[in-house]
Structures are given as structure tokens and as C-alpha cells.
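Please find below a short note on the structure shown here.

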Amino acid sequence: MIYFQTKKKDTGLNFIDINIPDNQKQLDAYYNTRKTIFCQEQGLFLDDDIDIHDASAIPIIAINHYLGSPDEIVGIVRIYQNKDREWFGGRLGVIKEYRSFSKFICPNLFKGREVSALYKMSIAAGLIYRAVSLANYLGCNTFSAHVQKQNVKLFQRLQWNIIEETIIYGVKHFLMEADLKAYPSTPIYTKSLTNNSLIGLEKVA
């Protein structure tokens, strides 16, 4: 759970929760948000951005809460295991209206590092942190992602390294890899709605 500091006297009633969709409505909103960002806004795809990885990917969503009640999905990302213990992240996006949110309270964001409890970054940073730390919990030796050029500096601030430059969907991307030591193994205590069935997340031995 991430609390955004919007006023000097924060009531704690307005916050962004990063979790896994736990009902069909949230799962539908996850895909609709992807379509809005990657099809309509960026034009990377025509009708939808669904691919073969979605069959096994774990969707992660950032949900805006107002006065303690869920409001809308404002950010998305997915993770999937490409090979044994080799995980990938992708489809990271935040809707326009929430990209300017830049101060969230998240104690112990990076264990063992001197980081303020008020971490001055973004919803995207929170999604990245949650995605990698969950993959680390599930059993991960490497975590990589193809990152668009404009987002490289954000990933570098979050302890990612550039591996190589590549072109995907006609757009310059950089294959980057996370420093797993900066992302402590952290489970998500929930069940996710995937392929029309509820599944629990179990740690890989």
C-alpha cells in the first residue's frame, strides 16, 4: 500500500494500492488500461496488445482509493517467467492524469539502503518495485524488461542496468536488468483472477 502525500495534513484516506486483480471487473479494467495506453495513446498496436505471454503473466494494478473506497485503476504492469527462473516485466503504464503524482510514502522501499520514507518518485516506480520484488519471491535469478528510451533514467534510478539497445514494434527500446539485491523478496497475499479461475500465488522452491 502506497500513501500519497497530497496535503500537509495527510488523513491517510487517499492512497494508491498496488495489487493483483481479484475480480473480473478489475481484470477487465487492467486490459482496458493497457489498450488506452499502448493502442490509443502510443499507437504501438491496432486493436489490442494481448500476446502469448498473457496466458501465464501475472497482472499487477495500481488502484486509486478515495476515502477508503476503491476508485479506478491508474497504473498497470505484468510479470511472467520466460525461462526457468528468468522473469520479464512489461506493459508498464500509468494513465495521464496520475503521471504527475510524485511523492509517496513507502517505508523500507529498498532494504539496506539509505532511502527516505517519503520516496520522491512515481506510481510507475511503485509498480516496478512491486513487480520485481514479487518475482523475486516467486523464484527469480534475473529480471529484465524492454524499456522505452524516455523511461531509461527512471529505471536506472531504481537500480537497473542497460544490457543492449533494440528495436521493438518499430520503437527504440533498451533491454535492462534489475539489481535483485535492491528488491527484497515480497509476496502478495491475495488470489488473482486469471483465465477465469482463481489461483493463489505460491513460492517456487
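**Aromatic pairs, a covered helix and a buried leucine**

1. F143, F155 and W160 are joined into a cluster by ring pairs. Rings of Phe, Tyr and Trp (its six-membered ring) are taken to pair if their centres lie within 6.5 Å; planes under 30 degrees apart count as stacked, over 60 as edge-to-face and the rest as tilted.

2. The model is predicted, so that local features need pLDDT of at least 70 and side-chain atom pairs count only at pLDDT 80 or more, while totals for chains, interfaces and linings use all residues. Residues are numbered from 1 along each chain as its sequence is written, and side-chain values use heavy atoms, with hydrogens and water left out.

3. Searching the whole structure gives 6 aromatic pairs. One of them is the edge-to-face pair of F45 and Y169, at 4.7 Å centre to centre and 65° between the planes. F45 lies in the loop between α1 (24-41) and β3 (58-66), and Y169 in the loop between β9 (160-168) and β10 (171-178), so the pair links distant parts of the chain, 124 residues apart.

4. F45 counts as buried because its relative accessibility is 16%, whereas Y169, at 45%, counts as partly exposed. Here buried means under 20% relative accessible area, exposed over 50%, and partly exposed in between (1.4 Å probe, protein chains only).

5. Helix α2 (residues 123-139) has 17 residues and reaches 25 Å from its first C-alpha to its last, close to the expected 24 Å. That expected span is 1.5 Å times one less than the number of residues. Of the 17 residues of α2, 17 are buried.

6. L27 belongs to helix α1 and is buried, its relative accessible area being 8%. Helices (H or I, at least four residues) and strands (E, at least two) are DSSP runs, numbered from the N terminus.
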